[in-house]
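Open the model in your viewer and keep the selection tool at hand.

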Amino acid sequence: MRTLTASVLVFEAIIIGLAIPVAINVNGAPPELALPLGLGLLVLCLALARWVPAPAAIALGWAVQGVLILGAFVTPVMLVLGIVFAALWATAIRLGGQVDAARSQAPTASVHE
C-alpha cells in the first residue's frame, strides 16, 4: 500500500503547488489566504507520503481529499482534480495491499556469472 498511496500524495502535492498561482492570478483568491493554505496542504501531502501506511496517515489522506474537493469554492477546476485524486486515493488503498503482497512474494532476481 505504501508505494501507491505515497505516489498519489506526491503527485497531489505537485498539483496543489501548481494550483496556488492559478487560484491567485486566475480566480482572484487573496494571496494571504491561498498561499499559506496551499503550501500547508502541499507540505501535509508530502509528510503523509512518508508516513503511510500508518492508520492516522490514511485518515488524514482522506481529509486531504476532502479539502481538495472543497478547493472548488476558490478554483472551480479543483472539483474535478479533487474527485480524480479521491478516486486514485481509494484505488491506491484498495489495491496497494495486493501490490505489496505480490512484491514480497516475488522471487528476487540474482545475477549468476
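Select F85 first. F85 touches V8, F11, E12, I15, Q65 and L68, not counting residues up to four places away in sequence; contact means heavy atoms within 4.5 Å. This is a predicted model, where local features need pLDDT of at least 70, side-chain atom pairs count only at pLDDT 80 or more, and totals for chains, interfaces and linings use all residues. Residues are numbered from 1 along each chain as its sequence is written, and side-chain values use heavy atoms, leaving out hydrogens and water.

Stay on F85. The residue sits in helix α4, residues 77-105. Helices are DSSP runs (H or I, at least four residues), numbered from the N terminus. Is F85 buried or exposed? F85 is buried, with a relative accessible area of 7%. Buried means under 20% relative accessible area, exposed over 50%, partly exposed in between (1.4 Å probe, protein chains only).

Next, select α3, residues 55-70, together with α4. Axes are lines fitted to C-alpha atoms, for helices over the stretch in contact, with angles from 0 to 180 degrees between N-to-C directions.

On the α3 side, look for A57, I58, G61, W62, Q65, L68 and I69. They meet α4 residues including L81, F85, W89 and I93. The residues of this contact divide into 14 nonpolar, three polar and no charged. Ala, Val, Leu, Ile, Met, Phe, Trp, Tyr, Cys and Pro count as nonpolar, Asp, Glu, Lys and Arg as charged, and the others, Gly among them, as polar.

Zoom in on L9, E12 and I16 of α1, which meet V64, Q65 and L68 of α3. By class, this contact has four nonpolar, one polar and one charged residues.

Finish on I16. Leaving aside its neighbours within four places in sequence, I16 is in contact with G38, L41, L42, C45 and L68.

Methods. Helices (H or I, at least four residues) and strands (E, at least two) are DSSP runs, numbered from the N terminus.
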